[in-house]
Amino acid sequence: MHDKNYQADARLSVVDPLDKGLGALEAPCPPEAIAALGWNLLKEDLSLPAAVLSQSRLEHNLAWMQRFVSEYGAKLAPHGKTTMAPRLFARQLAADAWGITLASAHQVRVAYAHGVRRVLMANQLVGRRNMAIVAELLADPSSEYFCLVDSPEQVQQLAAHFGAVGRPVQVLIELGVAGGRTGVRDEGQWQAVLDALAKAKGAVKLAGVEVYEGVLQDEAAIRALLQRAVRALQQLADAARIARSPAVLSGAGSAWYDVVAEEFAKADIGAPLDVVLRPGCYLTHDAGIYRSAQAQVETRNPVAQRMRGSLLPALQLWAYVQSVPEPERAIVALGKRDAAFDAGLPAPVAHFRPGQAAPAPAPAHWKITGMMDQHAYLQIAAGDDIRVGDMLAFDISHPCLTFDKWRQIAVVDDDYNVVDVVQTFF
């Protein structure tokens, strides 16, 4: 499961059941064929360390978020950069997602190759080859694509490229804040972009307005930005500047999606409107920064409070204890090459000794105190029952930076049977 250097295409193979490492992936392999192989994590059928997804928790999170956005009459375009796993994109679309959000032309091409036909690229599209990639995909009449614009120069470059190939590109004007990331800051920049769009002669079509509120940390400031976006969209609608029906109003990362839903639900521009929310980390959630963010959502949001349950961490890392060199230290075969460490180190949550009936909770005092490339330092207590060859499960913080370290990730049922394998394409 740990072949990170494998450069896969869009396919998975039915592999020799003796090849637990999934070393040669060629022909398409449906989930039922993978399940038929009979692999089980606790029987050591997978090479560790391994990233593992819980099937039941994925399904729970899919249903939870889709229900949440539906309560506000909004659409869901989950940010695919979190996982870059087309099989997970397919699950999200099957659960009624409006489309998939992505961040780069490369990611857009990967998604298209795996059947995604509506993409909101929550970024500026800049550069000849990047524009060419998108133009190639727009040759398919079933493909719908949006990117962001925040300067007249960018609009002019888009108009030149897409006008030359005769394939119009849809854009959303991005609103930004001083000291933030991209986006129009003031009225002068806003008018300059509108003027450039008017001169684009149909090669660049305005579809609506977009914001990314995650550059702000204060709820009042976030609400002010969102209200500004609603007013801007109303201004465009009143001036008949929007070329798409329904118009698009989009925002929401994984921390403030409830506030975005509340503010955008108030929008009434007198014309059809798609309110599109873009959280990505909800699918696998985590036990760190997004667990904390979700707790805040459930504290302040009445819809979340009414809903059954919460989002659940669905991604774990499993690794072996490979050395116990000191009474209060064990070394685990897990490191920075395997797990995100920018927002907190992995947390041990389960302990399993091969041959036992089931995993047990890890003692509360066990803690990762540091990581190297392939090793983690586990603080234990003298006399703890921990041995070389024991298996440990770790919860993580920040799923985005864990996913991009893996090329294959097992999906397991509640008995740790492997029921699917997803590939990532970073």
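Between which two strands does the loop that holds Tyr 416 lie? Tyr 416 lies in the loop between β17 (408-412) and β18 (418-423). Strands (E, at least two residues) and helices (H or I, at least four) are DSSP runs, numbered from the N terminus.

1. Basis of the model. This is a predicted model, in which local features need pLDDT of at least 70 and side-chain atom pairs count only at pLDDT 80 or more, while totals for chains, interfaces and linings use all residues. Residues are numbered from 1 along each chain as its sequence is written, and side-chain values use heavy atoms, with hydrogens and water left out.

2. Confidence. pLDDT is the predictor's confidence in each residue, from 0 to 100. The protein chain has a mean pLDDT of 93, and 93% of its residues reach 70 or more. Residues 1-27 have a pLDDT below 50, and this stretch has 70 contacts in the model beyond near neighbours in sequence. A contact means heavy atoms within 4.5 Å.

3. Largest pocket. The largest pocket holds about 470 Å³ of space. It is lined by 23 residues, and the closest to its centre are Lys 81, Tyr 212, Gly 253, Ser 254 and Tyr 290. A pocket is found on a 1 Å grid over the protein atoms alone: it is an open set of points with protein on both sides within 12 Å along at least five of seven lines, whereas a cavity is a set of points where a 1.4 Å probe fits but cannot get out. Lining residues have an atom within 4 Å of a point. Grid points are joined across faces, edges and corners, and the volume is the space filled by probe spheres set on the points.

4. Lining of the largest pocket. By class, this lining has 10 nonpolar, 9 polar and 4 charged residues. Nonpolar covers Ala, Val, Leu, Ile, Met, Phe, Trp, Tyr, Cys and Pro; charged covers Asp, Glu, Lys and Arg; the others, Gly among them, count as polar.

5. Second largest pocket. About 290 Å³ of space lies here. Of the 16 lining residues of the second largest pocket, the closest to its centre are Ser 54, Arg 57, Pro 313, Gln 316 and Tyr 416. Two or more lining residues come from each of β1 (50-54), α2 (55-71), β10 (315-326) and β12 (347-352). The largest share, 3 residues, is from β1. The lining of the second largest pocket has 9 nonpolar, 3 polar and 4 charged residues.

6. Backbone. Most residues other than glycine have a negative phi, and most peptide bonds are trans. Tyr 416 has a positive phi, near 70°. Met 84, in the loop between β2 (75-76) and α3 (86-94), has a positive phi near 45°. Just after α3, Asp 96 takes a positive phi of about 90°. Leu 48 and Pro 49 are joined by a cis peptide bond with omega about 5°, and Pro 49 is in the loop between α1 (31-36) and β1. Another cis peptide bond, with omega about 5°, joins Ser 245 and Pro 246. Pro 246 is in the loop between α8 (219-238) and β8 (247-251).

7. Buried residues. Buried means under 20% relative accessible area, exposed over 50%, and partly exposed in between (1.4 Å probe, protein chains only). Met 84 is buried because its relative accessible area is 0%. In α3, the buried residues are Pro 86, Leu 88, Phe 89, Arg 91 and Gln 92. Gln 294, in helix α10 (residues 289-300), counts as buried because its relative accessibility is 3%. Leaving out residues up to four places away in sequence, Gln 294 touches Trp 64, Tyr 257, His 285, Ser 310 and Leu 311.
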